[in-house]
Amino acid sequence: MPSIRLLAFGNMATLDRTDLDILEMLSADPRTTVVAMAEKLRLSRNTIQARLARLDQTGVFLPYERAFSPAVLGYPLQAFVSIGVRQTELPRIIAELARVPEVVQAHGLSGSIDLLALVACRDARHLFDTDARILSIDGVERTETSLAMGEVIPFRVGGLMGLARREAGGTA
């Protein structure tokens with residue numbers, strides 16, 4: 001099977017079938033062990049560990065932490081805040097936004113909205129105050145807030161791995 005060339009955070013990584021098998025196993029069960037991967041793929045633990053280290057060093061893995069719902073901490077209300085900013089001040093605005101503890105994630109966007117932040121709050125009043133704090137950041141020109149009613153498609157990459165295999169001439 002041909003290798004897949006992947007641009008990952010500025011580094012060019014080459015993923016072969018074994019790399020894709022490892023990534024697929026981790027996608028299906030992030031808690032899978034090196035021993036389980038080695039047994040299923042019929043490789044040594046050292047080989048799996050070396051490949052995991054290479055994948056990590058080349059930027060294939062995103063930064064990660066144990067994921068859990070903000071609701072268990074008392075922040076059940078989630079909302080997306082669309083943020084318009086003065087572009088020349090974007091780096092400083094992002095740094096200030098990162099200091100708002102209710103902001104659990106943010107993305108830079110193209111189009112009429114510059115940033116999209118996911119916030120977690122205790123209730124509607126807390127959301128109102130959080131939005132006001134974001135709006136008070138110098139250089140933030142406008143915000144629009146939409147309540148998250150529920151996650152309908154969780155973050156996933158399994159389908160992309162199948163697509164990458166097919167595009168490289170392998171099987172899905």
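Me: Helices (H or I, at least four residues) and strands (E, at least two) are DSSP runs here, numbered from the N terminus. Where is glutamate 102, then?

Reply: Glutamate 102 is in the loop between H4 and E4. Before we go on, this is a predicted model, with pLDDT of at least 70 needed for local features and 80 or more for side-chain atom pairs, while totals for chains, interfaces and linings use all residues. Residues are numbered from 1 along each chain as its sequence is written, and side-chain values use heavy atoms, leaving out hydrogens and water.

Me: OK. Why does glutamate 102 count as buried?

Reply: Because its relative accessibility is 10%. Buried means under 20% relative accessible area, exposed over 50% and partly exposed in between (1.4 Å probe, protein chains only).

Me: What does its side chain make a polar contact with?

Reply: The side chain of histidine 126, at 2.8 Å. A polar contact is a pair of N or O atoms within 3.5 Å; within protein, one must be able to donate a hydrogen and the other to accept it, and residues adjacent in sequence count only if both atoms are side-chain atoms.

Me: And which residues does glutamate 102 touch?

Reply: Leaving out residues up to four places away in sequence, glutamate 102 touches Leu118, Val119, Ala120, Cys121, His126, Thr130 and Arg133. Contact means heavy atoms within 4.5 Å.

Me: Switching to the sheet: what's the strand order?

Reply: The sheet is open, with four strands in the order E4-E5-E3-E6 and antiparallel pairing. At the edges are E4 (103–108) and E6 (140–147), each pairing on one side only. Two strands pair if DSSP finds at least two bridges between them.

Me: How many bridges do E3 and E5 pair over?

Reply: Seven, between E3 (residues 77–85) and E5 (residues 115–121). Phenylalanine 80 has leucine 118 of E5 as its bridge partner, and alanine 79 has valine 119.

Me: How many bridges join E4 to E5?

Reply: Five. Glycine 108 is bridged to leucine 115 in E5. The hairpin of E4 and E5 has six residues between the strands, and glycine 111 there takes a positive phi near 100°.

Me: How many residues of E5 are buried?

Reply: Six of seven, so E5 is mostly covered.

Me: Which strands does H4 lie across?

Reply: H4 (residues 90–98) lies across E3, E4, E5 and E6, at about 10° to E5. H5 (residues 124–135) packs on the sheet as well, touching E3, E4, E5 and E6, and its direction makes about 155° with that of E6. Axes are lines fitted to C-alpha atoms, for helices over the stretch in contact, and angles run from 0 to 180 degrees between N-to-C directions.

Me: Last topic: how is the chain divided into domains?

Reply: Into domain 1 (17–61) and domain 2 (70–147), with bounds from an automatic or database domain assignment. Their C-alpha centres lie 36 Å apart.
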